[in-house]
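The structure is shown first.

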Amino acid sequence: MPNDSRGLAKAKQVYQERSRRARQLRAEGSRVIGYPCVYVPVEMLSALGLVPYRTYGDIREPVTEADRALPTSFCPFMRSCFDCALKAKDDFLDGMVVAHSCDPQEKTARLWESYVGYPYFHFMDVPGTVRPEAVEYFGGQLSDLKATLEAFTGQELTVERLRSAIQFHNEQRALVKELYELTKPAPPLVSGTEMLQVVKALMSLPVAEGNDLLKEVIGEVQGRTTGGPELKPVRLLVWSSTLDDVAIMEILESGANVVMDEGCGGMRAYRGEVKLTDEPMDGLARHYMDDITCARTFRQGADGETTKEYSQDLEKRFGYLKDVVEEWSINAAILLLVRYCDPFAFEVPSLRDYFDAVGIPSIYIEYDYAEGALAPLRTRVEAFFETIG
Amino acid sequence: MYPLRAKVNESYLKSVEAMRAGKPTVWAMLNWYYGDPILKAMDLEVVYPENYGAALAATGFAQPYLEYADADGFPTHLCGYSRATLGYTSKMMRELGGEIPAEAPLGGMPKPIFLMASSAVCDARYKWFQALGRYMDVPVWTLESPMPGVKELFLEGARERMVELGVRHLEHFVAFVERITGRKMDWDRLEETVDLMIEVNRVWHEVNELRKARPCPMHSRDFWSAMPAALFMMGDLRDSLRCFQDMYAEVKARVDNGVGAIADEKYRLVFAELPPWHSLGFFDRLAERGWNFVVESFGYRPPIPLDLSGVGNTLERITRFGLQTFVGYYEDARDEHVPAGALAYPYLKYAGEWKCDGALLHPLISCRSASTHLPYVASLLRERLKVPSLIMEGDIVDLRLFDPEDALARAEPFEESMQHYRGVRRQEGLDW
């Protein structure tokens with residue numbers, strides 16, 4: 001693949017060689033900070049000229065080193081991420097920011113900090129609820145992050161710099177949403193596999209480069225007359241904790257057009273936008289607690305009220321999906337989770353209740369984050385498509 | 001020690017009677033002191049589904065409820081306690097219209113007026129209560145429980161922001177409980193409850209400090225018997241305080257007279273995490289071999305005492321006390337460069353200060369939050385203190401996963417290992 005590729009070809013290239021640009025930037029003097037979850041406010045990293053780099057695991061890499069410190073019956077995604085770190089696959093990172101977005105991540109963070117000697121490491125606590133005092137507390141966590149980032153970089157994170165970074169990242173959110181608009185036609189103009197490559201590329205590049213890439217991709221896809229996805233009978237929504245490998249997406253696309261990826265490698269990281277509040281950290285705190293629809297955050301119909309009604313509760317937790325289903329003309333959903341993903345797994349029966357209520361057939365499939373999981377995954381996906389066909 | 005356990009049992013039975021008679025009941029997660037004093041001061045009956053899950057498992061009643069949860073679509077790898085409770089509630093609400101299932105052991109759990117979840121320690125402990133919304137329209141209150149990083153706790157203002165969160169959050173929680181019960185909080189009673197809670201735990205801490213003596217005067221089995229009165233505040237706190245004071249006197253007398261908890265203490269061990277409740281007799285078999293369990297699981301021990309006499313706001317005292325459970329070891333953990341200040345570091349301290357020869361680690365297949373850190377604990381103990389670990393897998397609900405006979409068969413080789421490391425420690429200049 002030539003280095004001067006553009007648009008979708010470039011996204012694919014970045015996807016395939018994710019660390020290449022980060023390594024290059026580091027060789028040129030930039031500092032690269034890893035983060036394993038979308039609860040880390042990348043705006044604060046960008047504002048200080050740091051390159052945010054989303055760390056992932058690798059389903060093709062057998063987990064060997066992580067066994068030194070993590071049990072086998074544990075989130076396979078975090079095991080893989082940690083294993084890659086122990087094998088120095090992310091040796092270009094100058095530091096890590098890990099959020100307490102779920103229990104496995106919180107536990108792994110302690111080990112990460114112990115076993116891998118990054119020059120910079122910061123752990124952010126994330127409250128469990130979206131109550132006002134919890135959001136304010138999260139704002140305090142952002143202040144702590146600001147303090148350690150300033151100490152690490154020797155620079156001040158000024159309001160102006162942060163506002164500018166927020167604008168860049170908001171632009172990226174808007175561009176991703178614009179790209180998702182192009183999955184609305186039948187057939188969609190861009191495939192789930194391509195979307196995954198683009199999003200994973202964005203999480204590997206400085207924000208401005210990502211935005212340039214998105215503009216190229218959008219232009220290319222809008223002008224597409226051939227080469228787009230074939231029309232499939234199923235327009236699929238995938239709800240997942242982690243879906244980060246095209247081999248998985250290709251299985252899903254064997255019988256469906258994946259028009260919405262409700263995962264943190266898909267739309268989840270880009271929904272909403274950061275409001276430019278007088279104190280930008282307030283807007284950041286509100287956005288990360290409110291707009292990210294991860295199962296890890298506790299929400300209920302009428303929080304703090306003395307009565308509760310299940311349908312109202314479902315609406316509060318999953319109501320955003322009804323609009324997605326309508327606007328993208330979705331006719332099936334797969335709830336795809338890595339094994340041992342508790343926050344998402346507890347949601348499964350309720351989310352399936354919700355999909356039933358809006359008339360969408362759904363299935364829950366769990367898989368191990370490993371290449372060996374692909375064959376059984378294919379069997380289950382094909383069986384689902386036959387069932388609803 | 002035994003009067004205390006009897007009081008815990010008596011209090012449990014009284015509570016069951018009151019609940020069956022229609023007294024408002026709350027289902028609560030273990031919350032490490034944040035919510036319990038408030039419920040107690042409001043005179044609400046509290047049942048802990050985590051405990052009830054253990055009771056279901058130990059009495060052999062869990063399996064049918066697990067099958068209900070499976071049939072309702074909950075993944076089978078979820079926390080065993082949660083699956084048992086989800087299945088129990090499914091049956092109670094959907095099949096029996098809210099009546100307690102006739103076969104439910106220990107009086108069962110009646111439908112609550114609200115669910116008090118906690119964000120502490122693991123995701124299941126609030127997602128599980130949220131998931132119960134499928135079966136009953138009962139509001140959930142998720143208690144916020146900050147869990148900072150070790151070095152991050154010492155950033156300017158960080159601890160005070162956690163206290164501020166706790167106080168504001170508990171103010172809202174009290175208002176919520178007042179609305180849902182139609183009762184007003186008796187703040188004098190809350191203050192008295194909090195005073196007793198702190199004092200009970202202080203005395204309990206001192207009892208456990210006495211166990212540093214050689215031979216150790218109190219075995220883990222007594223710890224687990226007494227623990228609910230301090231951690232869950234079960235029973236009347238004034239009674240509990242008297243019992244803990246008596247226990248202190250009894251244990252102190254043993255120390256003064258050189259009386260050990262077991263006949264011939266050959267090996268001193270630290271135990272982590274939840275014990276095999278259904279097979280506690282296993283500890284007796286090990287005691288016959290001279291194994292004395294002198295210190296145990298961090299999350300069930302009282303917090304390191306903190307002087308809160310200058311804190312006037314009762315909710316602030318609760319918050320600081322609850323927070324202390326998790327961050328009480330952080331300063332030492334930071335100084336000794338152990339980023340896992342809560343779940344892993346305490347074992348380093350325990351093994352060193354209680355002069356342990358070995359660690360018995362008990363990872364649980366369906367309780368990952370109580371298991372994740374154990375390989376790291378084993379590594380820390382071996383590398384820093386030359387203390388070996390024996391890992392025996394089990395589960396909180398699936399009793400078949402823990403085989404006491406197999407575990408006992410591994411005891412002898414582990415004794416050789418403990419003997420070997422005694423020599424290594426001596427070579428390294430360690431004093432036990």
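Is L45(A) buried or exposed? L45(A) is buried, because 26 other C-beta atoms lie within 10 Å; a residue counts as buried at 20 or more such atoms, exposed at 12 or fewer, and partly exposed in between, with C-beta atoms placed from the backbone.

This is a predicted model, in which local features need pLDDT of at least 70 and side-chain atom pairs count only at pLDDT 80 or more, while totals for chains, interfaces and linings use all residues. Residues are numbered from 1 along each chain as its sequence is written, and chains are lettered from A and ligands numbered from 1 in the order in which they are written.

L45(A) belongs to helix α3 (residues 42-47) of chain A; helices are DSSP runs of H or I with at least four residues, strands are E runs of at least two, and both are numbered from the N terminus. S329(A) lies 284 residues from L45(A) in sequence and 37 Å away in space, C-alpha to C-alpha.

Two residues are in contact if their C-beta atoms, placed from the backbone, lie within 7 Å.

| Residue | In contact with |
|---|---|
| L45(A) | I33(A), L50(A) and P52(A) |
| A359(B) | L269(B), V270(B), A272(B), Y347(B), A351(B), A378(B), L381(B), V387(B) and S389(B) |

Between the chains, the contact takes 52 residues from chain A and 51 residues from chain B. On the side of chain A that touches chain B, α5(A) gives the most, with seven residues.

Technical notes:
Lists of a residue's contacts leave out its neighbours within four places in sequence.
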